[in-house]
Amino acid sequence: MRASLNIASVAWFRTWATLTFLAWAAIQPAAQAEDAATPPASSKPSALPVRPLQRESPVDFETEILPLFRKNCLACHNQTRAKGDLILETPQTIRKGGASGPSIVEGRAEESLLFRAAAHLAEDMIMPPTGNKANAENLSSNELGLLKLWIDQGAKGEVHNHRPVEWQPMPADWHPAFAAAMTPDGQVAAVSRAHRIDLYHVPTQRPTGSLEDARTPGGAHRDIVNALAFSPDGQWLASAAFREIKLWRRQAMSEGFEAHSTAPAIRVGTGTGANTMTNDVRLAPLLETGESMTVAAVATDSTLAVTVGTNGILKLWRLAFPPTLVREWTGDWRMEWAISTSEQELAFAKGELEFQRGAKKRLDDEVKKAEEALTKATEKHTGNEKTLASKRDERAAQEKAKAAAEKDRAEWIAALEQAGQAAAATDKAAQEAKALAKAAQEKALTSRLSAEQAARAKADLDRLVSDLAGKTDEGAVQKARELAAVAATDAANKFKEAEAQRLEAERRIEDVASRAFDAGAAKSTANRVQADLPPQIKQAEERTAAAVKALAVLDGQIKKAEIAVTTAAGDLDLARNALDKLRRDLTDTVNALARAESSQTHAVAAAAASVQTRDAAAVEPVRFVAFSPGGTAVLAATASGRLRAWLTTDGSPIESWTSSHAPILGIQWRDESRVAVQSVDGTETFRLEPRWTLHRTLGGEDTGSPLRDRVTALAFSPDGSELVSGGGEASRGGELLVWPMADNATPRDLGAPHSDTILAVAYAPGGDRLLTGGADRFARLLDAKTGKVLRQFEGHTHHVMGVAWTRNGRTIATGGADGVVKIWNPITGERIKNVDGFGKEVVAVLAVGTLEQFVAVAGSGQARWFNVAGEKVRQHDGGGFFLHSMAASADGRVLVAGDADGVARVWQGTEVKPSAEWKPERGATVTLSR
């Protein structure tokens, strides 16, 4: 029994527990939902304390607020990674706000979302969020007070990137040639090697020293030199590094003039006259050959001699038995270069003139065709409008016909219905009259019977009165008489009423006849209408159907006509716009033709003047010649002060210039690079290798530089009045500034046309536009004055590292780290050709000379020439070294490319192998920014 009770108790307990669990499980979700909807009071962040600050001086954003953001906010709210679209790097981006709207209300911190979020006053936005991955911490009460004061003061300020830069040494043997430049005349080349800039005299292929800033011993800059550019006149060299650009100015060749109170007794150098030549026994072998000479000189080691004949030709001889002619020199290198340049410009001017003439003729033809097309389009549009108007008139007429037919049908149907209704009404009236007549007859009969009954009653009473008369008392007789009188009156009235009813019955009968006649007439009319109108109704319906069908056809025709009118109007607009554009193009071409004609006139005059100057100089005899101390160079001079120097090794011209002191009495080499020129007034010393001095620094870390980061691209305007610099912070935005060359001029900020660093920039030949390439993989065409983006060139899959214009401005090329050069039409934006096969990054692109040709260098070591169609012209062998930079003379006769080891290779003309390799000095200290 106990066992049974225990079992029963256990079963009952299990049942109770199961039911309890099920009940708990049923209410638990609701409880959890309620808990989720109402968090515990302890999970709600409380407002942070804010310490009020009492100060009158303005809060500086860059030095006081920005450091707070760097520590706690910029990890998530920067240009690259902007959570909620909010960027806290500058007051401008802060005022712009993000996805939640404006972040500050200027002058009112308590209403500003930025302050409320930082102070934990905004329940739906607490910053920084708890458990953030950047490990950002809440601002302290002092920091919140500073933030509040800054906003209350108007949230103003600027970011100038003035933070100190810590410079640290880099490996001494690291000399990458990231930049190179060459003067247009091909005389001077500059090659950057890390922070140094080394200069070379291209004709002699000798180094002429390195540029050095006294503030940065051992180099031109503290940081890597990323860009170099010579001005068009070759008198300025711009170099760029971290946050700064330096302008170096070429110094005059003259090192000074030493005046003499009296004319010197002894001339310097070799004079003229037979005695001078015949007195030098070393010239005897030449004299024995009968060589005609007016001036001569012998090298110090007596192995070489130079003579000038009566024809003005300089000859270099190797003195032996017999003497050997090594080479001849005629003319003036600079004059010949000026003539060559003038001839190239003249050829270009002629070609441009022919092009513009052809363009004008083509545009004249196209304008004529466009005018004819406009006339045809106008006629077609007018014709289509007339057709549309005609169709609309036809439709209106059909609408009227349809409306008239529908009206006739409606009227005829109404008449038919009216006739039927009239017949039915008259028939009904006749029936009603017949019924009324019958009722009147029955009523008249009833009235007659009633009257006759009343008459019989009166007769009966009269008989009763007669019978009672004398037989009874007078009262009964009197009563009978009264009754008889009443009966008589009643009978009379009833007879009268019966007569009236009879007359009414007769009238009703007459009315029945009339109504019957009317009904017959109405029925006859209805029958006639029913017989006559249906054909007319059918005819109206047919007219309506025909009108509807015609309207449907006309609607289709009108729709087609409307489409035709719209199409013709569009064609007319297109024709008008095309004509307007062609007329504008024609105006531009006419102006360009006028400029081309003017350019040709000037080019002809310049070429003629160059030739005249050369011819005038050619007739002036050489009065003095002299060898350099080492015999490696020859100097020649005329009495009027024209001086020329050549290398004896290969005959290359070194320099050509004119002295301001004349007449010249003699010349002398001081060393291999300096010469003295003696005149009656004194002696002037000239240095043949160019010298450069630092003129001024643009930007700089200590001067509030407007340059945010490294400057990676430089270019002078065609007239040399401006210098454009490109750079910017990596992945944050490109930077483009235009610097007037006038001292103390303010740069023109063209904004950030790229979303990443600008790596290349080039002026259009006219100087009115800029072509830029950036790390954002785009090339863009900009207005040089405003920075407005005029066109965008998209297609590279990596950084655009080089950009170039042809001399005529009608073709551009862009080179990319994707190993491809793309050729474009800058006017239409059309891509003309892809030039590939470079193997590695294309780091630089140039357009050289007046020919429509480009040259590009790549990391694979290629230096390839190609025309505007992308066809290969020639290629230089870079030995497979990674080339980083390139420079060329204006005529393209000399090309220099620098590699990753700092070696600069020089190619002359069309040669495949380099004619020289300029290697860096080893062991120089290099510094980089951290």
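At 19% relative accessibility, cysteine 76 counts as buried (buried means under 20% relative accessible area, exposed over 50%, and partly exposed in between, with a 1.4 Å probe and protein chains only). Cysteine 73 is buried too, with a relative accessible area of 18%. The sulfur atoms of cysteine 73 and cysteine 76 are 8.9 Å apart, too far for a bond, and cysteine 76 holds the cysteine sulfur closest to that of cysteine 73. Cysteine 76 is in no disulfide, and the structure as a whole holds zero of them (a disulfide is a pair of cysteine sulfur atoms within 2.5 Å).

Some words on the source: this is a predicted model, in which local features need pLDDT of at least 70 and side-chain atom pairs count only at pLDDT 80 or more, while totals for chains, interfaces and linings use all residues. Residues are numbered from 1 along each chain as its sequence is written, and side-chain values use heavy atoms, with hydrogens and water left out.

## A four-stranded sheet

Now for an open sheet: its four strands run in the order E2-E3-E4-E5, with antiparallel pairing. Strands (E, at least two residues) and helices (H or I, at least four) are DSSP runs, numbered from the N terminus, and two strands pair if DSSP finds at least two bridges between them. Strand E2 (180-182) and strand E5 (206-211) stand at the edges with a single partner strand each, so one side of each is left without a neighbour in the sheet.

Strand E3 (residues 188-193) and strand E4 (residues 196-201) pair in the antiparallel sense over six bridges. Within this pairing, valine 191 has aspartate 198 in E4 as its bridge partner.

Phenylalanine 321 and proline 322 are joined by a cis peptide bond, with omega about 0°. Proline 322 sits in the loop between strand E12 (314-318) and strand E13 (324-329).

Have a look at alanine 662 and proline 663 as well: a cis peptide bond joins them, and omega is about 0°. Here the loop that holds proline 663 lies between strand E17 (653-658) and strand E18 (664-669).

## Positive phi outside glycine

Aspartate 85 is not a glycine, yet its phi is positive, at about 60°. You will find aspartate 85 in the loop between helix H2 (61-72) and helix H3 (91-96), where the residue is exposed, with a relative accessible area of 56%.

Serine 302, also a residue other than glycine, has a positive phi near 65°. Its loop runs between strand E10 (295-298) and strand E11 (304-308), and serine 302 counts as partly exposed at 29% relative accessibility.
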